[in-house]
Amino acid sequence: MTGEPTATETPPKARNQYVVLGAVLIAMMLASLDNLILGTAMPTIVGDLGGMSHLSWVVTAYTLATAVSTPVWGKLGDMYGRKGVFLTSIVIFLIGSMLAGVSQDMTQLIAFRAVQGLGGGGLMVGAFALIASLFPPSEQGKYQGMISAVMGLTMIGGPLIGGFITDNLSWRWCFYVNLPLGALALVMVATVLHLPKQRSEARIDHLGVALLGTAIASLVLATTWGGSEYAWDSATIIGLGVLAVTAGAAFLFVERRAAEPVLPLGLFRNRNFTLVTLIGFMLGVMMFGAMTFLPLFQQAVQGASATNAGILMMPVFLSMVLINAFAGPFITRTGNYKPIIIVGSVLVTTGVFLLSTMDTGTSRPMSMVFMAFLGAGMGCLMQTTMIVTMQSVELKDIGVASSTATLSRTIGGSIGVAIAGALFNGRVQDVMAGHGMAAASGENAQLNNDALVKLPGAVRNVYEQAVASGTHQVFLMATVLGVLAFAATWFVKQVPLKSPADRAAEQGGPALEKREPAPELV
């Protein structure tokens, strides 16, 4: 059939599949670790290269390139083979890392970060697609703990590693450290995994790619710049919003007529696919909002240092890993994923609601208990929704499904941080103004602990109340989204988990006799 891969990818039985799993986990770690390591090195980078006014673009360029390229990588993997596309994304990421490390000015660094982001967009997408190809969905649950452990390790260790590298080596090693790890993953996948050659006869949907990229880029820029670089009612932000809507509408029109759409709209006819994509979007809003404003509350209200604030986030990540030690085997043993999704939504909603009750009198141990609820819920939802996503589509669309799930969380996080930031800063300004003090701007709303101790006692107390009130608004919004996510989980349909071979047999029928052999590991 035109536009479909010519080979069936069934899960290999050879024990070396775990070598490939290790390589995939390394790639996932690189994708999630990069920005976290770089955060603590930013002041040193500015001191070395200059360009303070363009500092935000070091992160924005990477985020923008990742978001725009994510759906493209997923589609290319479905059309031309997941192994080759995954290896290509690793190579581009490593090239970007190497060039970023040798940057001589801020312009070069921003440009090479964009190259890095283009490769990074394919790392996570390719990782999930390969896991879906290598392991039957009925077995993927037991690997949830490993994936969550990698995510938790990077979130906890990223800032600490970045600080150590910057203090003891050079900020350039924040990029160079990717090279040996990426090369190891490259060699492991290239030498061990052998998937059948596949090539679609259909042409790439260039117009669809351009329109989707324009819509995503406009949305990411609007949410990144709004309230910081430009006012929300400025012509720039309004123009970006109009462009995003216009490009999105044109994209939907084009995709309905494309021979091989970059995002097949028919996927959304599947109720489970649509619901878990929506849940993933709301999870992205809650997760990125929490990761942004919890450390701020800990530093401004509870007096933690930047390093200690990162360590104090450990309850989120430890509970995420621990809950998967139960959830993964449960799914593998019973084949039931719906109870885990429902429980996860309850835990997330409970966690963000409890966090919304924090004030200047909340102790660190109590806030850590609240964070544990949030982490446990995230652990239940993050990997389980990905399993449901992969199970809800045909084998030929696994790459697109993976990219859609990843993109929904990315866009959710971008929008979530923007809305949360607007709520937070607005509330801080109101509280400060209500006490007859100058309204806090976005910058002085993020004073560190050293700056706080220099404030007069009365001013510091009012500032702490303002931050606590602003954090309350953020988590109150997250609670509303948690309730909506909880409602959505009840409509997810429990479907028996199948292997890729089962799905291929259902969709391929007699035509499977003409397909090439199954993937092998040597």
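What follows is a short chat about cores, helix pairs and one glycine in a predicted model.

Reader: Why is Gly-421 called buried?
Author: The relative accessibility of Gly-421 is 14%, and buried means under 20%. The value falls under that cut-off, so Gly-421 counts as buried.

Reader: Where does Gly-421 lie, and how far is its C-alpha atom from that of Thr-292?
Author: Gly-421 lies in helix H17, which runs over residues 398-434.

Reader: What makes H10 and H11 roughly antiparallel?
Author: Helix H10 (residues 206-225) packs with helix H11 (residues 235-255) at about 155°, and their axes are 8 Å apart. Angles over 145 degrees count as roughly antiparallel, so H10 gets that label relative to H11. As for handedness, H10 passes H11 in a left-handed crossing.

Reader: Which residues make that contact, and how do they split by class?
Author: On the H10 side, they include Leu-207, Leu-211, Ala-215 and Trp-225. From H11 come, among them, Ile-237, Leu-240, Phe-251 and Glu-255. By class, the contact has 16 nonpolar, five polar and one charged residues. Glu counts as charged, so Glu-255 of H11 belongs to the charged class.

Reader: And how do you know what to call H4 and H5?
Author: Apply the cut-off again. Helix H4 (residues 82-101) and helix H5 (residues 106-134) pack at about 150°, with axes 7 Å apart. Over 145 degrees counts as roughly antiparallel, and therefore H4 and H5 are roughly antiparallel to each other. Their crossing is left-handed. By class, the contact of H4 with H5 has 14 nonpolar, nine polar and one charged residues.

Reader: Which residues touch the most other members of the largest nonpolar core?
Author: Met-28, Ile-45 and Leu-109 do, in a core of 82 residues. Helix H1 (residues 17-39) supplies the largest share of this core, 14 residues.

Reader: What does Leu-109 touch, leaving out residues up to four places away in sequence?
Author: With those left out, Leu-109 touches Ile-45, Leu-49, Val-58, Ala-100, Ser-103 and Phe-175.

Reader: How many residues are in the second, separate core?
Author: That one has 60 residues, including Met-286, Tyr-337, Val-428 and Leu-497.

Terms used: Residues are numbered from 1 along each chain as its sequence is written. This is a predicted model: local features need pLDDT of at least 70, side-chain atom pairs count only at pLDDT 80 or more; totals for chains, interfaces and linings use all residues. Side-chain values use heavy atoms; hydrogens and water are left out. A nonpolar core is a set of buried Ala, Val, Leu, Ile, Met, Phe, Trp, Tyr and Cys residues joined through side-chain atoms within 4.5 Å. Buried means under 20% relative accessible area, exposed over 50%, partly exposed in between (1.4 Å probe, protein chains only). Helices (H or I, at least four residues) and strands (E, at least two) are DSSP runs, numbered from the N terminus. Contact means heavy atoms within 4.5 Å. Axes are lines fitted to C-alpha atoms, for helices over the stretch in contact, and angles run from 0 to 180 degrees between N-to-C directions. Angles under 35 degrees count as roughly parallel, over 145 as roughly antiparallel, 65 to 115 as roughly perpendicular and the rest as oblique. A crossing is left-handed if the near helix is turned anticlockwise from the far one by less than a right angle, and right-handed if clockwise.
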